Amino acid sequence: MFCLARPPEMLSGELEERVRRLTAAEGFDWEAFVHLCRSHGLAGLAHRHFQARPALFPSTQIAKALRQWAEHTARRNLVQVHVLGEVVKLLKTHGIAAVPYKGMLLSHVLYGGLSERYSADIDLLVLPEAFEEAVRVLASEGGFAIAPSQSDTRFHRSLVCSRTKAHLELHHSFGSEAYDFPLDRDWIAQALEIRLQGWKFLFLKPEHTIIALCAHGFKHGWARLGWLCDVGLMTCKFPIDWDLLAQEARSKGLLRICQISLRLLRDVLGYDVPDAMTDRVECRRLDRWYARAIRRYLLGNAPPLPEWICYGPSSLLRDQTTKRMELARYAMARAHPSEKDRATFPLPRIFAPLLYLWRPIRLVRTYGGELLKTYRRGL
């Protein structure tokens, strides 16, 4: 699967021969291969490899399964493209600039088609000051219903198109409560214009896209190899100004997160990344721990990192100018008793402050063992 985490035209002769030997080996589990491709977002890319080199996939049943998945992905993404085009057009009439993020637009830019990258929903970014107005416009004029969400609605809102049932995630930030990373006007002003299926969309410039993809992937512990592949293809499809990328990442407080992600890109998938963007990882204990723990998961040697470990403690990776305030804010949010705490100990109102003493005990009991095991895995 790692050998196929790049388009067919980028598959070297050495990698092709390695894939040929592996797939021809006795006992190769094709069903497990397809399952891994789907779970890591690489099934569409595997189908492209089959189209380019049918001999690599001798099993007709597996080839059929990959083709069906690619066709399903293309149909789904095509619907989402038109929904996205209508949404962007509607918001533009209200003076709201919107930038698509990830999804089918990234599939078109990186892979040249809509079948290679599966998108569960549509991700759209607006400026923080326009966020609530955009939600109102989509709900009142765009035929969208606000969906209930279990996550923090301060950073995004989930909406469902009543006509197509397509899910739209409207964001004003790339991050979360652990590290708030809002869209700003400079990024919109420097965005590229992309045409797709008759619609015009804004697309963040390559350096900004890489930073955003690194923030998103790290936030989820790089649970999908396809996300890392997206970053790698951005470095191949566009001439990257690495000094500018480092400068922009530092200004957002995300330089260390980008450095860890690019180190994974080099170590796991073998993409070329300048040493200046990766060497500092080994010099910092926490950075080195994250890189090793995620690499072991991607190589199949350990379970994935729990997302809460990437959400909260990752604030420690922020630059000194921003992390103290965010750490304090995150700690205050975590210290506040939740509904679960109140349900566990339904105290009279006068004794409610005692829940602040109980909550850290419950958090340690709930997450302490998992945190210790995860820490040992990264050593």
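**Figure 1. Ile194 in strand β6 of the predicted model.** Ile194 belongs to strand β6, which spans residues 192-196; strands are DSSP runs of E with at least two residues, helices are runs of H or I with at least four, and both are numbered from the N terminus. This is a predicted model, in which local features need pLDDT of at least 70, side-chain atom pairs count only at pLDDT 80 or more, and totals for chains, interfaces and linings use all residues. Residues are numbered from 1 along each chain as its sequence is written, and side-chain values use heavy atoms, with hydrogens and water left out. Ile194 has a relative accessibility of 16% and therefore counts as buried (under 20% relative accessible area; exposed is over 50%, partly exposed in between; 1.4 Å probe, protein chains only).

**Figure 2. Surroundings of Ile194.** Not counting residues up to four places away in sequence, Ile194 touches Leu105, His108, Val109, Trp199, Lys200, Phe201 and Phe203, where a contact means heavy atoms within 4.5 Å. The C-alpha atoms of His108 and Ile194 are separated by 9.4 Å, although these residues lie 86 apart along the chain.

**Figure 3. Cysteine residues.** The structure holds zero disulfides, a disulfide being a pair of cysteine sulfur atoms within 2.5 Å. Cys229 is in no disulfide, and the nearest cysteine sulfur, that of Cys236, is 9.0 Å away. Cys229 is buried, with 0% relative accessibility. Cys37 is also buried, at a relative accessible area of 2%.

**Figure 4. The chain as context.** The chain has 16 helices and seven strands. Of its 379 residues, 51% are buried. Among contacts between residues at least 6 apart in sequence, 67% join residues at least 24 apart.
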